[in-house]
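Please take a moment with the sequence and the structure before reading on.

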Amino acid sequence: MGRIVAVTNLKGGIGKTTTVVNVGAGLALKGARVLLVDVDAQGNLAMALGLKPRRTLYEVLIDGARIDQCIVAARPNLDLLPADETLLTAQPTIGARPDWPRVLEQALRPVKNQYDFIFIDCGGSLTVLNINALTAASDVLVPTTVEPFR
Ligand SMILES: Nc1ncnc2c1ncn2[C@@H]1O[C@H](COP(=O)(O)OP(=O)(O)OP(=O)(O)O)[C@@H](O)[C@H]1O
Ligand SMILES: [Mg+2]
């Protein structure tokens with residue numbers, strides 16, 4: 001089974017998205033099958049990869065869309081499940097569900113065996129979706145800087 005890596009830090013602007021894109025792309029170049037999942041409503045992953053998302057994580061989590069129909073091929077071996085600002089409105093809806101911490105884990109289940117690595121790009125605070133990312137993850141990667149207020 002592949003690894004699901006949540007890339008997270010409470011601090012914003014610390015290199016989470018940069019880590020997801022570059023570590024993911026590097027592993028894809030080495031032949032690993034990689035999926036990048038954006039749970040940050042800033043939608044920076046699509047931006048970083050030069051893609052304009054048509055369907056997003058919102059549709060998977062809220063509308064019940066099939067996850068494979070919302071994933072796009074970004075590069076060889078490198079797929080993306082993008083996000084955009086619609087994800088902001090999804091959080092209260094998800095938070096009201098009894099199984100709210102496991103919504104992302106359940107959403108990833110149909111595709112997780114297709115990938116060696118799934119990287120989840122978290123936002124910079126403890127949101128419902130970041131907690132979902134930590135619940136779904138087998139590993140956690142915390143980019144940081146060597147400075148007092150990290
Ligand atoms: N290793 C690095 N050295 C220097 N600058 C970097 C490094 N990693 C990222 N940056 C720069 O720092 C800024 C923030 O990076 P990034 O967007 O990856 O952070 P983030 O933690 O995802 O931010 P956010 O919390 O807004 O999602 C960007 O301008 C990026 O180019
Ligand atoms: Mg980011």
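In what order do the six strands of the open sheet stand? In this predicted model, the order is β3-β4-β2-β5-β1-β6, and the pairing of the strands is mixed. Because β3 and β6 (139-141) stand at the edges with a single partner strand each, one side of each of these two strands is left without a neighbour in the sheet. Neighbouring strands of the sheet are turned against each other by 25° on average, if direction is ignored.

| Strand pair | Sense | Bridges | A pair of opposite residues |
|---|---|---|---|
| β3 (residues 72-75) and β4 (residues 78-81) | antiparallel | three | Val72 and Leu80 |
| β2 (residues 34-38) and β5 (residues 117-121) | parallel | five | Leu35 and Ile118 |

Helix α1 lies across β1 (3-7), β2, β3, β4, β5 and β6, and it runs at about 165° to β5. Helix α6 also packs on the sheet, where it touches β1, β5 and β6, and its direction makes about 145° with that of β1.

How much of α6 is covered? Seven of the nine residues of α6 are buried, so that the helix is mostly covered. The buried residues are Val128, Leu129, Asn130, Ile131, Asn132, Ala133 and Ala136, and they pack against β1, α4, α5 and β5.

Helix α4 (residues 87-95) has the buried residues Leu87, Ala90 and Ile94. Why do these residues lie on the same side of α4? They cover an arc of only 45° around the axis, which puts them on the same side of the helix. The buried residues of α4 pack against α3 (57-61), α5 (103-108) and α6 (128-136), whereas the face turned away from the buried side carries the exposed residues Thr89 and Pro92.

Cys70 is found in the loop between α3 and β3. Is Cys70 buried or exposed? Cys70 counts as buried because it has 21 C-beta neighbours inside 10 Å, and the cut-off for a buried residue is 20 or more. Leaving aside the neighbours within four places in sequence, Cys70 is in contact with Arg55, Thr56, Glu59, Val60, Ala65 and Leu81. Cys70 and Pro82 are 12 residues apart in sequence, and their C-alpha atoms are 7.9 Å apart in space.

The last part of the picture is the ligand. Which residues surround ligand 1? The shell consists of Gly12, Gly13, Ile14, Gly15, Lys16, Thr17, Thr18, Asp40, Gln42, Asn44 and Gly124. By class, one residue of this shell is nonpolar, eight are polar and two are charged. Helix α1 (residues 16-29) gives the most to the shell around ligand 1, with three residues. The helix that contributes these residues to the shell is also the one that lies across β1, β2, β3, β4, β5 and β6 of the sheet.

Methods: Residues numbered from 1 in each chain as written. Chains lettered and ligands numbered in written order. Predicted model: local features only at pLDDT ≥ 70, side-chain atom pairs only at ≥ 80, totals over all residues. Near = placed C-beta within 6 Å. Helix = DSSP H or I, 4+ residues; strand = E, 2+ residues; numbered from the N terminus. Nonpolar A, V, L, I, M, F, W, Y, C, P; charged D, E, K, R; others polar. Buried ≥ 20, exposed ≤ 12 C-beta atoms within 10 Å, placed from the backbone. Arc of directions from axis to C-beta. Contact = placed C-beta atoms within 7 Å. Pairing = 2+ DSSP bridges. Axes fitted to C-alpha atoms, helices over the stretch in contact; angles between N-to-C directions.
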